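Hi there,

Here is the structure I promised to pass on to you. Have a look at it first, and then read my notes below.

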Amino acid sequence: MAFLIDCPNCGRRNPYEFKFGGECKRAPDEGADMRAWCDYLFLHDNMPGFQDEWWFHALGCKDWIKVRRNIATHEIRAIEETSP
Amino acid sequence: MAKMQKPLQFKQPQKSYDVVIVGGGLHGLAAAYYLARYHGIKRIAVLERRYIGSGGSGRNTEMVRANKRAHETLPFYKESLEMWDGLSSELEWNLMVQKKGLIALAHSDPELAAMRMLSDSQRRAGIKIEMLNPKELKKLVPALDVSDRPALPIFGAQFHPEGGTVHHDAAVWGYAKACARYGVDICVGVEVTGFNIDAGKVTGVQTSAGHIAAGKVHVAVGGYSSEIGRMIGMKFPVTTIVMQVMTTDIMAPFLDYYVASPRLHFYTQQTLKGDLILGGPLDHFQSWGSYTTWEESADRAVKIVEYFPDLAHVRIVRTWSGICDCTGDSAPVMGGCGIDGLSLDIAWGYYGFKAVPASGKYSAEYIATGKMPEKIRHFGLDRFYNRRLVREIIL
């Protein structure tokens, strides 16, 4: 499997240097009921196609980055830095 | 004496069935078998889009055991482990069940203490568990390095004598042949593309072989449950992750037990053929692929050589991988999903193989009676909403 993650700080790096943070999801609005929060927490799209997801560069810059990756083919479309 | 059996024949699906089971892996075939044999349901079809046992059923590490953690799940896994014993004669097919014993290593005092607690809860559920010190361990596994040399030396171990292995392909064919004997239609090359849901009740499935009407539909699709979820407009609490397995050169028999290290997350056994099966953690990221990575292979090689130094020159010669649907709490999702007549047996992730007989039995009971059996009561989808997650661990 050949895929590298182009970290904005460190360059092209092996995905095993990163910690995977899961799908980017939108949190429920303030005042949402418990069921909406449970959905947000536990349910996943888990679609074999492109998804936005979080990666933490644990063995590098220690920065969370947002990656748009096809989880079936591992093609990466976009990477953005997310630090405040 | 077993009778001469007719060869297994796959069927073309008919226009309507009492129960349609989506997924021709072990869980689906087992559910079909128990439904046909013990619940007297005559018209059952198992729909498989590729070939039977093509998913996780043929891609696991053949380990069966009951040394789990959560008290909700222990009786279930215990029953499943016991069911494997009589299954070869019941199915009239040799599943090569070998209760060789499972050894779980501890690499520190706190870990050993945690393992004792785990052992106690397992004993309370009636599962046979013993603790071993390094000296006893060396007697059972002479090739194991119990000295101080490894970076994480062995402090002790938990011995689970009833754990062992079952040949996974034999299990697939055993269940499939038994299903066929009881009149189940096993249809391969038939892909389910949609569900017919009428006023909250499932009435059939759309397939590549046309529409099939069904009174009840059971979903046992291994690593592909999210795709089913999209067909019925639901999300499931699963992420799909790849698990990789490697096997080594064939060697003379030297390892009589399954050896696992929960801390280092690797496990190995020597098959009857003589090669070692090297299992390990799931990949650390979500993925629908099928591949083997250098990192995982190297990781397993390092760990096995650390504790079995004699294996330093053995090669990894064969690999396979499969996808697992994992929930956050390492427990499956069984039972209903809010649509009448549609039942689930999904999200088995990392631990589906050992659970096959019991999950088949209880899925069948659920399909036939519509009532959630006591032993799988905790596996329902509702647990994610009423704060009843199962406190399970992954290894």
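Predicted model: local features only at pLDDT ≥ 70, side-chain atom pairs only at ≥ 80, totals over all residues.

**Chain B as a whole**

Chain B has eight helices and 19 strands. Its radius of gyration is 21 Å, close to the 21 Å that the globule rule gives for 395 residues, so chain B is as compact as a globular protein of that length. Along the principal axes, the C-alpha atoms of chain B fill a box of roughly 65 × 50 × 40 Å. Of its 395 residues, 51% count as buried. If you look at the contacts in chain B with a separation of 6 or more, 76% of them are accounted for by residues 24 or more positions apart.

**The two domains of chain B**

Where they meet, 23 residues of domain 1 of chain B are in contact with 25 residues of domain 2 of chain B. On the domain 1 side, the elements that give two or more residues are α2 (74-91) and α6 (225-231) of chain B, and α2(B) gives the most, with three residues. By class, that side of domain 1 has eight nonpolar, 10 polar and five charged residues.

**The sheet in chain A**

In chain A, you will find an open sheet of four strands in the order β3-β4-β5-β6, with antiparallel pairing. The edges are taken by β3 (19-23) and β6 (76-81) of chain A, each with a single partner strand, so one side of each is left without a neighbour in the sheet. From one strand to the next, the twist averages 25°. Inside the sheet, strand β4 (residues 50-56) and strand β5 (residues 64-70) of chain A run antiparallel and are joined by seven bridges. One pair to look up there is A:Gln51, which stands opposite A:Arg69 in β5(A).

**Where the chains meet**

How many residues of chain A are in contact with chain B? There are 16, and they touch 19 residues of chain B. Helix α1 (residues 34-42) of chain A gives the most to the chain A side, with three residues. That side of chain A divides into 11 nonpolar, three polar and two charged residues.

Best wishes

How values were computed:
Residues numbered from 1 in each chain as written. Chains lettered and ligands numbered in written order. Contact = placed C-beta atoms within 7 Å. Nonpolar A, V, L, I, M, F, W, Y, C, P; charged D, E, K, R; others polar. Rg over C-alpha atoms; globule rule 2.2 N^0.38 Å. Buried ≥ 20, exposed ≤ 12 C-beta atoms within 10 Å, placed from the backbone. Pairing = 2+ DSSP bridges. Axes fitted to C-alpha atoms, helices over the stretch in contact; angles between N-to-C directions.
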